[in-house]
Amino acid sequence: MKFIFAPAIALMQRLNYTKKLPLLVSMLMLAVALVMVTLFTHLNQGIQTSQRQLQGLAMIQPATRAVQLVQQHRGMSAALLSGTSPLLTQRARREAGVDQALKALEATLPSGRAAGDDFRRIRENWGRLRMGGPQLSMNENFDTHTRLIGQLQSFIESV
């Protein structure tokens, strides 16, 4: 151990007390500064991660609302295609609700995500389903809705 600390011992033996004190204080300040910088860096990383998670949580509510409304629309479309006509006005309200939910989701997304391919495909598939859904068979309509719901859920997971 003496061999490792020999340079420091030699330096301290050459200095008088008026020079030893500022040297020790400066070494102490350097150590404290390094600890503070490390602490700040780790805390800042934690804060940034938490902020990204909060942004993601803010997007979950409109996204899950869109999934819920598409599921309801799927059920009503299946009922209409099987011959239950009283649900026509409720289905139209669900379509408007899905449109509103997708707009709300788009408003909460960061600009890169809202303009991204995944969300664009979801909007396109919803538009095609909305316009061409009544012309599909009951099974095709149900499967198309199910694929759209899967896309929405995958999008939620990626966000």
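## Packing around Leu152

Leaving aside residues up to four places away in sequence, Leu152 touches Ala66, Val67, Val70, Leu102 and Ile122, where contact means heavy atoms within 4.5 Å. This is a predicted model, in which local features need pLDDT of at least 70, side-chain atom pairs count only at pLDDT 80 or more, and totals for chains, interfaces and linings use all residues. Residues are numbered from 1 along each chain as its sequence is written, and side-chain values use heavy atoms, with hydrogens and water left out.

**Helix α3**
- Helices here are DSSP runs (H or I, at least four residues), numbered from the N terminus.
- Among the buried residues of α3 are Arg91, Glu95, Asp99 and Leu102; buried means under 20% relative accessible area, exposed over 50% and partly exposed in between (1.4 Å probe, protein chains only).
- The cover over the buried residues of α3 includes α2 (17–81), α5 and α6.

**An aromatic pair**
- Rings of Phe, Tyr and Trp (its six-membered ring) pair if their centres lie within 6.5 Å; planes under 30 degrees apart count as stacked, over 60 as edge-to-face and the rest as tilted.
- That rule gives one aromatic pair: Phe119 and Phe155 have ring centres 5.6 Å apart and planes at 40°, so the pair is tilted.
- Phe119 is in helix α5 (residues 117–132) and Phe155 in helix α6 (residues 138–158), 36 residues apart.

Definitions and conventions
Helix = DSSP H or I, 4+ residues; strand = E, 2+ residues; numbered from the N terminus.
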